[in-house]
Amino acid sequence: MTSLQLLMYFSVIICGIGIVRKVLKYVRMPIHLRWELYPVAHEGKDYGGSYYEEVEWWAKSRKRSVIDELKFMIPEILFIRALYNHNRKLWIASFPFHGGLYVTICFLFLLVIGAVIQTFGVPVLPNSSSWFTRLLYSVTMIIGPVGFITSLLGCIMLLFLRFADRDLKINSTLQDYFNLFFITALLICALATWFFIDSSFTLTREYIQSLITMKPFLSRNAMLKLELIIFALFLIYFPFTHMTHMFAKYFTYHKVRWEDEPNIEGGKIDAHVKSALQHTIKWNASHVPTGKKWSEIFKENGE
Amino acid sequence: MNNKKVTVKDISKNCEQLIKLDPSDYVKLPPPFDNRDEGVVVQQLTEAQREKFDASLDGYLALAQSRPQNKKEEEALVTTFISGLKKLMSETDNWTFLEPLMLSIEFCARCQTCAEACPIFTASGRQEIYRPTYRAEVLRRIYNKYIKPGGKILGKLTGDIELNWNTVVRLAELVYRCTLCRRCASVCPIGVDNGLITRELRKLFSQEMGLAPKELHELGTVQQLRMGSSTGMTPVALKDIIEFMEEEIEEKTGKKIKIPIDKEGADILLIHNAGEYLSWPENPEAFAIIFDAAGINYTLSSELAGYDAVNYGVWYDDVQLARVAYKHNDVGKKLKVKKILVGECGHSHKALLVVSDRVLSSENLIPRESTLPLLETIVKSGKINFEPKRNNFPVTLHDPCNMVRLTGIVRPQREILRIIAPKFREMEPHGAENYCCGGGSGFAIMQSMNFPDWRSSIAGRMKLKQILDAFKGEIDPSIHKYVCTPCSNCKGQIRDLFNYYNVWEKAGILYGGLVDIIVNAMDDIKEPFIKWEWM
């Protein structure tokens, strides 16, 4: 096994652990007070209405439509609709960037599928006997560069905006630039490798296959190695940045913005609230009953 | 310092004042107010005020915090702030809002999409310190640098900041330059909520450092819990006012109505914002007229906090929020009513219907609802005859943020106006995309020094622009126009805003509640209920 393979195992593990840890952190967070923002998609009222528009809403069934949620989520995830509606200038750069990354992720997924197939002795080549592997080969070959080029263009436009747009420039941190440069470097390397060395991604697929089979990967190509090193480093870095907002968005929407479940006697929410009210208050201002439980504060005036 | 070049790091700079506002930068208002701000001398603080309080943010004082007098006090400010910040980020100390707060701290992409949505940032001529991300970024950087492991080194990458007493004092004032309307959050592609970050910072200052505007705390929640109302109105005074209202109803309408109070076993406990009784008694009077005509079995309460729906805790302090919410529910339980109905008060909708839902366990809660759906049902029921021609004047609707974007009550008020007001037109944008009146999150009641000037000239500016635009072509003061404002705090802000710009005299626009205009259209009321005069 080569050091490059070890680095890749390490980076995939770190990336996986980092993302799972981050997701679990939010899954395990205590119940919070309601802080929804209307429109709440599953209510199905685009204008922003809620069940509070009904007299005696608690005696009626509440609408909770997954289809209405999907109607909102799909354009938001695929086309970044909020940015399109409210910040068109940035959307022009952000959409190809994210769209290109989506295509690149699909490309990586297809590469992994191809590598798995190859481990079973079926080559993924243009002249394979199976139509599926021939199709896999062709689609992978097309969407790879499409993804790289589109996201690279978007990334360069984003970098340009971060430098040229006054509002973005004075409100960006070093990390914002670093992230974009990092991705630019990775995409340029990927494009160069594709263009000069591995136009059919056969070599890259073999590398992935070597990771699956844990057999040595013997290519000495420096450009491919550079691409793989940068990719591995990116995987290590990624979970510790705000770029994980793709996962956060589930929580910001489903657990905050659209979280309108009322507290009903004997319900799950009620049980969580009762448990939270047992926490001891440690805040220190004079009106706060430091040392008492939340459940004990109600009969005081806070003077 | 050049206002437009102020950066996040500058908040800790040792300078006399971070920005100086110039009215010529503000968003232009439509005629006849297009030249209103030219040459206006903004109210300056006196020397004594400047000496006593720290006005080094923008020259205005909402919180009015005293300057630290020595090094020890300066250090204490920073130490207490850090101690509060640790609690803000703790699962047990801040279970109430940790998840939404952390999501907003961790995942902002600094895309600035929120900036254009903020009426204060826009109206002020895009002042950097009012940008929705500014105070959020200050907190984020302090957290990254001073709380997170390795922050002293990694902080350079994630954005540097120096935490000193200037930072703390300015941040404490800056959290009172946002009305928590959350319009910024509604446009964020990621779902980051800078309004929540501001609210949580207010909480840190209040719950750990004891810093909150006196109108919200001592005169607000504390007074409400002690005396019954943030207005200082006692139960005895309430009963006197109710008697006065009964007499006034008879005088105005010829109807002899007994307003029920402390009626055990009624179906509904109706709680108004107590400010209505003192400033706009015609509003609870109109409720009494409508409910009497519709045969609603309801009662008011004279119990402590039972006659004041406000819960200022929702803007700055979870402990006070919980205490007031408990009292409201407890009054309903004691009166054995089936439900609590919240009158025309926006933030009470949010506090009582939504936020306090999880700060009390179910045995301390009783069903709560808004008056608006019930009013819609009454208007559509045919129990009352209306003559819409009586409202034959231009009408527009102000949407209180807390009712629309934050509670999701958008349709009933419109349905009512479409029936009873033939010249009703929307202002743009409206509904869940509305602009705050500029008095949100307590601003409407905050009268500290020169803060009301800031509130009228900046915070309420986009609302005034919207109102004027809604009546475009009818600005002539001889044409009487009505801004239907179903929220007590919004009314207070619009009153101050109209006074500041002399809107009644120059444009003939009056404001009032929803029930007022409903009663104005009732065909058995002889005289118009709405009095076209500026009070």
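Of the 303 residues in chain A, 34% are buried. The structure shown in every view is a predicted model.

**View 1. Overall build of chain A.** Chain A holds eleven helices and zero strands. Its pattern along the sequence is accordingly written α-α-α-α-α-α-α-α-α-α-α. The chain is more spread out than a compact globule, because its radius of gyration is 25 Å, well over the 19 Å that the globule rule gives for 303 residues. The C-alpha trace of chain A spans about 75 × 50 × 40 Å along its principal axes. Among the contacts in chain A with a separation of 6 or more, 63% link residues 24 or more positions apart.

**View 2. The two domains of chain A.** The assignment divides chain A into domain 1 (3–31 + 80–251) and domain 2 (267–303). Between the C-alpha centres of domain 1 and domain 2 of chain A the distance is 47 Å.

**View 3. The contact between chain A and chain B.** Chain A contributes 74 residues to this contact and chain B contributes 78 residues. On the side of chain A that touches chain B, the elements giving two or more residues are α3 (81–86), α6 (166–170), α7 (174–197), α10 (245–257) and α11 (268–276) of chain A. Of these, α10(A) gives the most, with nine residues. By class, this side of chain A comprises 39 nonpolar, 20 polar and 15 charged residues.

**View 4. The domains of chain B and the contact between domains 1 and 2.** Chain B is assigned domain 1 (3–207), domain 2 (230–375) and domain 3 (384–520). The centres of domain 1 and domain 2 of chain B, taken over C-alpha atoms, are separated by 35 Å. Seven residues from domain 1 of chain B and six residues from domain 2 of chain B take part in the contact. The side of domain 1 of chain B that touches domain 2 of chain B has one nonpolar, three polar and three charged residues.

**View 5. The sheet β2-β1-β3-β4 of chain B.** Four strands of chain B make an open sheet in the order β2-β1-β3-β4, and the pairing is parallel. The edges are β2 (298–299) and β4 (368–370) of chain B; each has a single partner strand, so one side of each is left without a neighbour in the sheet. Strand β1 (residues 268–271) of chain B pairs with β2(B) in the parallel sense over two bridges.

**View 6. The covered helix α16 of chain B.** Helix α16 (residues 346–354) of chain B is mostly covered, with nine of its nine residues buried. These buried residues are B:G346, B:H347, B:S348, B:H349, B:K350, B:A351, B:L352, B:L353 and B:V354. They pack against α14 (313–316), α15 (318–334), β3 (339–342), β4 and α21 of chain B.

View 7. Strand β5 (residues 395–397) of chain B pairs with β6(B) in the parallel sense over two bridges. In this pairing B:T396 stands opposite B:R425 of β6(B).

View 8. The strands β7(B) and β8(B) pair in the parallel sense over four bridges. Opposite B:I509 in β8(B) stands B:K481. From β8(B), B:I509 and B:Y511 point one way, whereas B:L510 and B:G512 point the other way. All of these β8(B) residues are buried.

Note on methods:
Residues numbered from 1 in each chain as written. Chains lettered and ligands numbered in written order. Predicted model: local features only at pLDDT ≥ 70, side-chain atom pairs only at ≥ 80, totals over all residues. Pairing = 2+ DSSP bridges. Contact = placed C-beta atoms within 7 Å. Nonpolar A, V, L, I, M, F, W, Y, C, P; charged D, E, K, R; others polar. Rg over C-alpha atoms; globule rule 2.2 N^0.38 Å. Buried ≥ 20, exposed ≤ 12 C-beta atoms within 10 Å, placed from the backbone. Domains from an automatic or database assignment.
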